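Here are my notes after a look through the model, point by point. Have the structure open while you read.

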Amino acid sequence: MSGLAPGPVVLAMLGVVLTWDLGEHAIGSAEQLRESADSERVEVIHAAASGLVASFFGLGGYIVFLLSAGGQPEVALGLLLLGAVVALTALR
């Protein structure tokens, strides 16, 4: 994987994360609501919010890659740790 460009890898990662998240949300909604309930609006809002969050973290990961490729590993490590803390805080 060392020869791959980072852009397509980040996009693929975003696609996988969004697909998993939207699928989990749809399954959870279906378990909680009755079959006749209209959940389209909730699903669209959740998809938009998830897309925004995933894009934010994807862009952050790409920026970390660019900084670390420039010979600044200390900065990249610091940003990765900060990103991990932010991600864990957001998940709580």
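1. Start with S50, which sits in helix α2, the stretch covering residues 40–69. Keep in mind that this is a predicted model. Is S50 buried or exposed? Its relative accessibility comes out at 12%, and the cut-off for buried is under 20%, so S50 counts as buried.

2. What does S50 touch once residues up to four places away in sequence are set aside? The answer is L18 and D21. With D21 there is also a polar contact: the side chains of S50 and D21 are joined at 2.5 Å. I'd look at that pair on screen, given that the distance comes from a predicted model.

3. Next, the aromatics. Searching the whole structure turns up one aromatic pair. It is formed by F56 and F57, with ring centres 5.3 Å apart and planes at 75°; the angle is over 60 degrees, so the pair is edge-to-face. As a reminder, the distance of the centres and the angle of the planes are what describe a pair of aromatic rings.

4. How exposed are the two partners? F56 has a relative accessible area of 56%, which makes F56 exposed. F57, at 31%, is partly exposed.

5. Both phenylalanines turn up again in a nonpolar surface patch of about 710 Å². Along with F56 and F57, the patch is made by V53, L59, I63, L79, L82 and V86. Which helices supply at least two residues each? Those are α2 and α3. The largest share, five residues, comes from α2.

6. L59 is one of the patch residues, and its place is in helix α2. Its relative accessibility is 52%; exposed means over 50%, so L59 counts as exposed.

7. Last, a glycine in the other helix of the patch. G83 lies in helix α3, which covers residues 73–91. With a relative accessible area of 27%, G83 is partly exposed. How far is G83 from G61, C-alpha to C-alpha? In space the two are 8.4 Å apart, while in sequence they are 22 residues apart.

8. The nonpolar patch draws on α2 and α3, with at least two residues from each.

Conventions
Residues are numbered from 1 along each chain as its sequence is written. This is a predicted model: local features need pLDDT of at least 70, side-chain atom pairs count only at pLDDT 80 or more; totals for chains, interfaces and linings use all residues. Side-chain values use heavy atoms; hydrogens and water are left out. Helices (H or I, at least four residues) and strands (E, at least two) are DSSP runs, numbered from the N terminus. Buried means under 20% relative accessible area, exposed over 50%, partly exposed in between (1.4 Å probe, protein chains only). A polar contact is a pair of N or O atoms within 3.5 Å; within protein, one must be able to donate a hydrogen and the other to accept it, and residues adjacent in sequence count only if both atoms are side-chain atoms. Contact means heavy atoms within 4.5 Å. Rings of Phe, Tyr and Trp (its six-membered ring) pair if their centres lie within 6.5 Å; planes under 30 degrees apart count as stacked, over 60 as edge-to-face and the rest as tilted. Patches are made of residues with over 30% relative accessible area and no salt bridge: like charges are joined within 9 Å, nonpolar side chains (Val, Leu, Ile, Met, Phe, Trp, Tyr) within 5 Å. Accessible areas come from the Shrake-Rupley method with a 1.4 Å probe; for residues, only the protein chains shown count as cover. A salt bridge is a side-chain nitrogen of Lys or Arg within 4 Å of a carboxyl oxygen of Asp or Glu.
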